[in-house]
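Hello,

Here is the structure I promised to pass on. Please open it next to this email and follow along.

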Amino acid sequence: MAISLQKGQKIDLTKGKPGLSKILVGLGWDPVKKSSGFLGGLFGGGNSNIDCDASVLMLDEKERLEDVVYFGKKVSTCQSIKHSGDNITGEGEGDDEQVFIDLNKVPGNVHKLVFVVNIYQAVQRRQDFGMIQNAFIRIVDSSANAELIHYNLSDNYSGKTALFPGEIYRHNGEWKFSAVGEGTNDTGIDKIANKYR
């Protein structure tokens, strides 16, 4: 059974699971259903799909950027992180985007993996995370195909254009997961990455 986390909670990943190395991080979301009534038809002009993009920032101990993995660079330079690719609609059940990580291959100078989901061209399309529902992040033990952790992001993120659902970080030689659940007004992965340069 997966452990369900609340915002702000932290949990050990590898402590007590010494063999855990290959994990899948699944990120999912759904567009809010549009009303089809008269007013919905009259004012529902923003009909284009909401394209959410998941990325991973690889940070050193001083929170400086070592590498970034996203739809434009699907594999980290060290080969420890691989991105499943871009899902441009968020439609359908289950994970919308997946990140595959081999914890044993993450370089020793990388202290933290920060997961980010941002809306592609949010400003131009006038879209924000108030138009998204059922967002979650989950961690799966790939070798056993067993879900370990599930965190539903239940806050109101209206007006926010980027979400930081969670992060995996080193602590006393082990890996832990933190349910962050923060929203920001960052408009693209490049701007987010620049904060850590």
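The largest cavity is lined by Leu27, Gly28, Trp29, Val117, Phe129, Ile132, Ala135, Phe136, Leu153, Leu163 and Pro165. A cavity is a set of points, on a 1 Å grid over the protein atoms alone, where a 1.4 Å probe fits but cannot get out; lining residues have an atom within 4 Å of a point. This is a predicted model, where local features need pLDDT of at least 70, side-chain atom pairs count only at pLDDT 80 or more, and totals for chains, interfaces and linings use all residues. Residues are numbered from 1 along each chain as its sequence is written, and side-chain values use heavy atoms, without hydrogens and water.

The structure holds 1 cavity of 30 Å³ or more. About 60 Å³ of space lies in the largest cavity. A volume here is the space filled by probe spheres set on the grid points, which are joined across faces, edges and corners. Strand 3, strand 9 and strand 11 each give two or more residues to the lining. Strands are DSSP runs of E, at least two residues long, numbered from the N terminus. By class, the lining has 10 nonpolar, 1 polar and no charged residues. Ala, Val, Leu, Ile, Met, Phe, Trp, Tyr, Cys and Pro count as nonpolar, Asp, Glu, Lys and Arg as charged, and the others, Gly among them, as polar.

Now the core. The largest nonpolar core has 40 residues. Such a core is a set of buried Ala, Val, Leu, Ile, Met, Phe, Trp, Tyr and Cys residues joined through side-chain atoms within 4.5 Å. Buried means under 20% relative accessible area, with a 1.4 Å probe and protein chains only. Val25, Ile101, Ile168 and Phe177 have the most contacts inside this core. A second, separate core of 13 residues includes Val68, Val114, Ala162 and Ile189.

Next, strand 12 (residues 174-184). Of its 11 residues, 8 are buried. Strand 12 pairs with strand 11 (residues 162-171) in the antiparallel sense over 9 bridges. Two strands pair if DSSP finds at least two bridges between them. Ile168 has Phe177 as its bridge partner.

An open sheet of 6 strands has the order 1-10-9-3-7-6, with mixed pairing. Strand 1 (3-5) and strand 6 (81-83) are at the edges with a single partner each, so one side of each has no neighbour in the sheet.

Best wishes

Definitions and conventions: Helix = DSSP H or I, 4+ residues; strand = E, 2+ residues; numbered from the N terminus. Buried < 20%, exposed > 50% of the residue type's maximum accessible area, 1.4 Å probe, protein only. 1 Å grid on protein atoms, 1.4 Å probe; cavity = no way out; pocket = protein on both sides within 12 Å on 5 of 7 lines; lining within 4 Å.
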